[in-house]
Amino acid sequence: MASNNAVPARPGEPAAAPDTAEAPGPAQLKAVLLSPGYLKLLVLAALVGIPVSLVAFGFVSLEHQLQHWVWESSPDALGYSTPPWWWPLPTLTLAGLLIAPVLILMPGHGGHLPVQGMGGPPLPPKAVPSVVCAALIALPLGAALGPEAPLMALGGGLALLAVRRRQLDANPKLGAVVSAAGSSAAISTIFGNPLVAGVMMLEAAGLGGPQLLLLIVPCLLASGIGALVFTGFGHWTGLGIGALSLPSVPKSGIPDAAELLWTLPVAALIALVVVGVQALGWQTAAFARRRAGQPTAVPTALRTLLCAVAVGVAIAAYALCTGRSPEDAALSGQITLAQIAEQPASWGIGTLVLLVLFKGLAWGFSLGSLRGGPIFPALMVGAAAGVACGGLPGLGIPSGFAVGLAAAGTAITGLPVTSTLLAMLLIGDSVGEVTPLLIVSSVVAFIVSTKFRFRPETARQSSGPSEPERQT
């Protein structure tokens with residue numbers, strides 16, 4: 001790998017600036033692409049994609065089975081056709097009790113906080129067990145988070161096992177590329193299309209020109225292999241992987257001037273909602289983090305438990321206020337998003353507003369204390385807010401739904417191209433008509449969220465160092 005490549009950052013994190021003065025020209029690029037070292041890297045990326053995809057498939061399948069047992073089989077065994085309103089209270093309390101020891105005692109501390117985005121530097125292989133344990137505790141028991149961040153950490157950590165330590169020491173950027181390829185393979189189909197993983201890695205890395213090709217080729221190769229393994233293994237076993245997809249979406253026509261004008265304030269509003277939830281997440285992280293000068297880990301465990309209980313209270317409050325199942329506001333939001341997309345008119349505006357409110361609270365508390373990914377809940381909250389705004393004169397539900405998807409995705413990731421592509425894939429056949437709205441929504445949300453995003457330094461300064469920071 002050429003030594004002048006920039007190290008790819010994870011989505012939501014700033015990329016290391018490439019050394020543009022030494023960027024390879026066409027001749028140098030050709031030499032690098034055809035060099036034995038780079039060809040070995042491509043072979044490694046392809047080979048890494050197979051075991052990483054199998055492990056990721058097992059993780060997602062197990063998480064879905066546990067979720068089904070907690071939210072469907074167990075209530076049914078107790079005589080409830082749907083989970084009662086109080087169901088999130090014991091499940092999230094149990095999540096807090098079980099996850100606290102993982103976050104405090106295990107190497108890696110369960111991985112990065114979801115409020116930090118999709119990741120940070122690649123996690124070492126020894127941190128992978130804590131990531132898996134924390135995610136398999138939090139996600140099935142009702143944390144308002146998705147599986148994408150744990151999958152990326154899992155894939156990146158496992159991929160590093162294929163590289164010898166002395167190779168990483170000799171070329172640190174090799175580890176970044178291999179880890180990115182492993183992450184791409186792990187999430188290759190969780191977003192419904194392996195291309196999203198490649199574009200996400202590319203946009204997050206912030207590279208351009210020849211350097212872009214040097215990173216994207218192994219990532220695309222690993223994600224393609226991963227998608228093939230996911231699809232084939234899922235067909236063979238009959239197990240679903242829960243890829244983000246919408247069987248039905250609101251049908252829209254060609255947008256007019258009124259829809260385009262409404263897109264601006266609606267996208268800005270949704271971006272502000274997401275930024276507000278992130279701010280709550282940082283404040284929650286400041287509360288849950290161990291404070292300086294405390295001799296034991298008991299306060300950290302207690303605060304983590306209280307945050308998990310707060311998630312359960314927010315979800316239970318939604319069920320009490322609306323009379324609907326608490327599952328609407330729990331978990332990743334993938335099922336609720338599909339329900340909103342299939343029958344948006346059946347959701348009253350009041351119900352959607354309460355869903356955005358209480359799901360947002362549960363999501364914010366989860367972002368700062370539990371473990372999982374931030375994107376899936378963002379898409380659901382954005383879609384619910386967009387459909388609620390669909391009654392505005394001249395906007396319409398289909399356009400509001402599309403604007404909500406693109407704006408929320410961009411606001412939470414800071415990646416407008418990836419978010420636009422993901423929204424286009426989710427909308428499917430109707431995307432041709434609403435593509436202009438998706439692009440405008442992403443741009444507006446990117447500008448607004450960048451302007452008003454809560455600065456994490458404020459949260460860190462208010463809380464003192466965390467246990468991992470103190471150990472470092």
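The expected span of a helix is 1.5 Å times one less than its number of residues, and helices (H or I, at least four residues) and strands (E, at least two) are DSSP runs, numbered from the N terminus. This is a predicted model, in which local features need pLDDT of at least 70, side-chain atom pairs count only at pLDDT 80 or more, and totals for chains, interfaces and linings use all residues. Residues are numbered from 1 along each chain as its sequence is written, and side-chain values use heavy atoms, with hydrogens and water left out.

Q: How do you know what span is expected of helix α16 (residues 416-427)?
A: Helix α16 has 12 residues, and at 1.5 Å a residue the expected span is 16 Å. From its first C-alpha to its last, α16 reaches 16 Å, close to that expectation. Gly428, with a positive phi near 75 degrees, follows α16.

Q: What makes Thr413 buried?
A: Buried means under 20% relative accessible area, exposed over 50%, and partly exposed in between (1.4 Å probe, protein chains only). Thr413 has a relative accessible area of 9%, and is therefore buried. Thr413 lies in helix α15 (residues 397-413).

Q: Why is the pairing of the side chains of Thr413 and Ser419 called a polar contact?
A: A polar contact is a pair of N or O atoms within 3.5 Å; within protein, one must be able to donate a hydrogen and the other to accept it, and residues adjacent in sequence count only if both atoms are side-chain atoms. The side chains of Thr413 and Ser419 are joined at 3.3 Å. The side chain of Thr413 also reaches the backbone nitrogen of Leu415, at 3.0 Å. Ser419 is among the buried residues of α16.

Q: Why is Ala56 counted as buried?
A: Ala56 has 0% relative accessibility, so it counts as buried. Ala56 is found in helix α2 (residues 36-77). Its C-alpha atom is separated by 9.9 Å from that of Ile190, 134 residues apart along the chain.

Q: What makes the pair Asp328 and Arg324 a salt bridge?
A: A salt bridge is a side-chain nitrogen of Lys or Arg within 4 Å of a carboxyl oxygen of Asp or Glu. The closest N and O atoms of Asp328 and Arg324 are 2.7 Å apart. A search of the whole structure finds 1 salt bridge.

Q: How do you know whether Asp328 is buried or exposed?
A: Asp328 has a relative accessible area of 6%, and is therefore buried. Arg324, with a relative accessible area of 32%, is partly exposed.
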